[in-house]
Amino acid sequence: IKGGISEMIDRAVATNADITDLIRAQSELEELASRDVLTGLANRGRFHDRLRAALAAASRTRDHLGLLFVDLDNFKVVNDSLGHSHGDDLLQQAARRIADQPRPDDFVARISGDEFVIIRDDEADQHALDRLADKLLAVVCTPLSLAGQSLVVTASAGLAFSDGGQATEAHVLRRADAAISEAKTNGRNTV
């Protein structure tokens, strides 16, 4: 054999290393594609994937799934008065506060501008999610530093639950959207 066994083994290892690097790079790209660039939380696409999977699991086990929407109140005012860079800073601070509150196995995502969502797909009960929502609103309202000033921002939250595993993604999202609209109509900074 030309080059000998040793050369063949060296080439095989090099090929394996190249494939490993390619797989690692692909995995990193997939992770980046599922993350919100600004906050580092899961993004809208990953949220929809997780919600579909959680609803399918709830359907099999007849469990309830809880969905908590959080929307910052009057966020546009911050962007318009202080500028988008300070608005981005506010979103990053709010995202950290929101992500620190749920249980480790809860799923947290930023799904649009100033909207965040938490999926609780095991032991989802209204009282536990009510307490989490109240806790989130309290922590979001804690003064934060923005543009060298102390600023208080409030949020509104809406809760929705699946019906013992029978709800569709569209149905749960409509319920959550209706709940957050009601919270905003009732004066904001409420659940």
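Visitor: What share of the contacts in the protein with a separation of 6 or more comes from residues 24 or more positions apart?

Guide: Residues 24 or more positions apart account for 68% of these contacts, where contact means heavy atoms within 4.5 Å. The model is a predicted one, in which local features need pLDDT of at least 70, side-chain atom pairs count only at pLDDT 80 or more, and totals for chains, interfaces and linings use all residues. Residues are numbered from 1 along each chain as its sequence is written, and side-chain values use heavy atoms, with hydrogens and water left out.

Visitor: What makes up the secondary structure of the protein?

Guide: There are six helices and six strands. Helices (H or I, at least four residues) and strands (E, at least two) are DSSP runs, numbered from the N terminus. Along the sequence, their pattern is α-α-β-α-α-β-β-α-β-β-β-α.

Visitor: Why does the span of helix α6 agree with its 17 residues?

Guide: The expected span is 1.5 Å times one less than the number of residues. For residues 169–185 this gives 24 Å, and the end C-alpha atoms of α6 are 24 Å apart, so the two values agree. After α6 comes Gly187, with a positive phi near 105°.

Visitor: Which residues of α6 are called buried?

Guide: A residue is buried under 20% relative accessible area, exposed over 50% and partly exposed in between (1.4 Å probe, protein chains only). By that rule Glu169, Val172, Leu173, Ala176, Ala179, Ile180, Ala183 and Lys184 of α6 are buried. Their arc around the axis is only 140°, which means that they lie on the same side of α6; the arc is taken from the directions between the helix axis and the C-beta atoms. An α-helix has 3.6 residues a turn, so residues three or four places apart point the same way. The face turned away from the buried side carries Arg174, Glu182 and Thr185, which are exposed.

Visitor: Against which elements do the buried residues of α6 pack?

Guide: They pack against α2 (44–61), β1 (66–72) and β6 (155–161).

Visitor: What is the order of the strands in the open sheet?

Guide: The four strands stand in the order β2-β3-β1-β6, with antiparallel pairing. Two strands pair if DSSP finds at least two bridges between them. β2 (107–112) and β6 each have a single partner strand, so they are the edges, and one side of each has no neighbour in the sheet. From one strand to the next the twist averages 20°.

Visitor: How many bridges join β1 to β6?

Guide: Seven bridges join these antiparallel strands, and Leu68 stands opposite Leu159 in β6. α6 packs on the sheet, touching β1 and β6, and its direction makes about 145° with that of β6. Such angles run from 0 to 180 degrees between N-to-C directions, with axes fitted to C-alpha atoms, for helices over the stretch in contact.

Visitor: What makes β2 count as mostly covered?

Guide: Five of the six residues of β2 are buried. β2 pairs with β3 in the antiparallel sense over five bridges, and a hairpin of two residues joins these strands. Helix α2 lies across β1, β2 and β3 (115–120), at about 130° to β2.

Visitor: With which residues is Cys141 in contact, leaving aside its neighbours within four places in sequence?

Guide: Cys141, in helix α5 (residues 126–141), is in contact with Val152, Val153, Thr154 and Asn189. The C-alpha atoms of Cys141 and Thr154 are separated by 5.0 Å, although these residues are 13 apart along the chain.
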